[in-house]
Amino acid sequence: MNITIEKNEKYNLVKVNEEKLTSMVAPDLKAQILYLHTQEYKPMIIDMTNVQYCDSSGLSAILVGNRLCREANLNFILAGVQDHVRKLITISQLTNVLSLIPTLNEAIDLVFMEDVEKQLNKEH
């Protein structure tokens, strides 16, 4: 398993350190997403920067994470999605379902901006 987890105050980061997100890696990714989600309800960022190829099992693991976070009203963000994976997401007609952000830093910024927005809405 070549997946690293980073727990932060405002979000959880799952970094996929594999070039191929296939049936060999997808079960581990899904298990890590499920584990994190049951431990603490925080927005989740999946860093896909290293992933050059994704098959249906990889996409399925991503969709499980997306569904869990959506049901808990939390962000689920894919950061650094490479061209081939982006094409698969587009062909699968999931561009309106999944949140794709160009870089990890932009994804982190989005989590913090939305947290500030939630705090401001609570005050009003």
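User: Why is cysteine 69 called buried?

Analyst: Cysteine 69 has a relative accessible area of 0%. Buried means under 20% relative accessible area, exposed over 50% and partly exposed in between, with a 1.4 Å probe and protein chains only, so cysteine 69 counts as buried. This is a predicted model, in which local features need pLDDT of at least 70 and side-chain atom pairs count only at pLDDT 80 or more, while totals for chains, interfaces and linings use all residues. Residues are numbered from 1 along each chain as its sequence is written, and side-chain values use heavy atoms, with hydrogens and water left out.

User: What makes cysteine 54 buried?

Analyst: Its relative accessible area is 3%, so cysteine 54 falls under the cut-off for buried.

User: How do you know that the sulfur of cysteine 69 is too far for a bond?

Analyst: A disulfide is a pair of cysteine sulfur atoms within 2.5 Å. The closest cysteine sulfur to that of cysteine 69 is in cysteine 54, 17 Å away, and therefore too far for a bond. By this rule the count of disulfides is zero.

User: Why is asparagine 73 called exposed?

Analyst: Asparagine 73 counts as exposed because its relative accessibility is 63%, and exposed means over 50%. The residue is in the loop between α2 (56-71) and β6 (76-79); helices (H or I, at least four residues) and strands (E, at least two) are DSSP runs, numbered from the N terminus. Phi of asparagine 73 is near 60 degrees, a positive value in a residue other than glycine.

User: What makes glutamine 93 exposed?

Analyst: With a relative accessible area of 67%, glutamine 93 is exposed. Glutamine 93 lies in the loop between α3 (83-91) and β7 (99-101), and its phi, near 55 degrees, is positive.
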